[in-house]
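Hi,

Here is the structure I promised to pass on. Have a look at it first, and my notes on what turned up follow below.

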Amino acid sequence: MPNQISNISPKILIITLISIGFNNYFLPTDAEETGKALIESTCKKTQYPEECISALESDPGSFTANVTGLTRIAVEKSATKLVETLHIVETLVLNATDYLTWGFLVNCRDTYNISVPQIQRGLQAFDRLKFDKSYESVEAVNNAVIGCDRQGWTLPILTQVNRALFRLTKDTMMILHLLF
């Protein structure tokens with residue numbers, strides 16, 4: 001009796017193995033935790049768990065994702081928060097009433113502008129399963145927030161949006177670290 005495995009085309013076998021590997025990275029298996037329980041257990045490992053839970057639960061995809069998928073969502077949320085923060089800073093630049101404040105805000109705006117393509121490259125790296133490169137891109141955004149805050153100006157709205165971006169990126173870095 002001929003061996004049944006020898007009748008399988010090598011191309012089909014390779015495609016099947018690649019497909020299984022991809023699904024194991026992004027889709028939950030029966031043994032994996034998903035939904036609210038996964039969100040909570042993952043966010044408990046971060047510095048700001050309540051904010052982490054809130055951010056992830058705001059995306060419906062979080063409830064069906066595995067850890068890798070949940071991490072991708074966290075990176076996306078960080079990218080979105082960066083763009084929102086950039087828009088707020090741009091509005092503050094346009095409405096600055098003195099040169100020193102304007103200069104400080106321009107510096108923050110420019111730093112955030114540089115961070116946008118960095119985090120986009122981080123998302124692309126994530127999709128290539130280069131989690132360390134994705135981590136570095138989120139870390140760059142986090143450092144941009146620190147740099148903006150270290151200038152010493154205290155504008156309540158800027159402090160508020162910077163704090164939110166800092167916390168989200170810090171938590172995202174901690175979640176990303178779970179993958180390597």
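Before the notes, one definition: I call a residue buried when its relative accessible area is under 20%, exposed when it is over 50%, and partly exposed in between, using a 1.4 Å probe and protein chains only. On provenance, this is a predicted model, so local features need pLDDT of at least 70 and side-chain atom pairs count only at pLDDT 80 or more, while totals for chains, interfaces and linings use all residues. Residues are numbered from 1 along each chain as its sequence is written, and side-chain values use heavy atoms, with hydrogens and water left out.

Helices here are DSSP runs of H or I with at least four residues, strands are runs of E with at least two, and both are numbered from the N terminus. The buried residues of α7 are Leu 158, Val 161, Asn 162, Leu 165, Leu 168, Thr 169, Asp 171, Thr 172, Met 173, Ile 175 and Leu 176. They pack against α2 (35-43), α3 (49-57), α4, α5 and α6.

For α7, 22 residues should span 32 Å, and the end C-alpha atoms are 32 Å apart, which agrees. For α4, 28 residues should span 40 Å, and the end C-alpha atoms are 41 Å apart, which agrees too. At the start of α4, a side-chain oxygen of Asn 66 comes to within 3.1 Å of the backbone nitrogen of Thr 68.

Now the cores. By nonpolar core I mean a set of buried Ala, Val, Leu, Ile, Met, Phe, Trp, Tyr and Cys residues joined through side-chain atoms within 4.5 Å. The largest one has 27 residues, and Tyr 112, Leu 158 and Leu 176 have the most contacts inside it. At least two of its residues come from each of α4 (67-94), α5 (99-127), α6 (131-149) and α7 (156-177). The biggest contributor is α5, with eight residues.

What does Tyr 112 touch? Taking contact as heavy atoms within 4.5 Å, and not counting residues up to four places away in sequence, Tyr 112 touches Leu 82, Thr 85, Leu 86, Val 89, Ala 144, Val 145, Cys 148, Asn 162 and Leu 165. There is also a second, separate core of 11 residues, which includes Leu 38, Cys 43, Ile 73 and Ile 175.

Ser 115 is another residue of helix α5, and it counts as buried at 2% relative accessibility. Leaving aside neighbours within four places in sequence, Ser 115 is in contact with Leu 82, Ala 140, Val 141 and Ala 144.

On to the cysteines. The structure holds two disulfides, counted as pairs of cysteine sulfur atoms within 2.5 Å. Cys 43 and Cys 52 form one of them, with the sulfur atoms 2.0 Å apart. The torsion about their S-S bond is about -65 degrees, so this disulfide is left-handed. Cys 43 is buried at 0% relative accessibility, and Cys 52 is buried at 4%.

Another disulfide joins Cys 108 to Cys 148, S to S 1.9 Å. With 100 degrees about the S-S bond, the link of Cys 108 and Cys 148 is right-handed. Cys 108 lies in helix α5 and Cys 148 in helix α6, so the pair ties together parts that are 40 residues apart in sequence. Numbering the bonded cysteines in sequence order, the pairing is 1-2, 3-4.

Then the rings. There are three aromatic pairs, where Phe, Tyr and Trp rings (the six-membered one for Trp) pair if their centres lie within 6.5 Å; planes under 30 degrees apart count as stacked, over 60 as edge-to-face and the rest as tilted. One of them is Tyr 135 with Phe 180, edge-to-face at 5.8 Å centre to centre and 90 degrees between the planes. Tyr 135 sits in helix α6 and Phe 180 in the segment after α7, so the pair ties together parts 45 residues apart in sequence. Tyr 135 counts as buried at 18% relative accessibility, whereas Phe 180 is partly exposed at 48%.

Cheers

How values were computed. Expected span 1.5 Å × (residues − 1). Polar contact = N/O pair within 3.5 Å; in protein donor to acceptor, adjacent residues only side chain to side chain.
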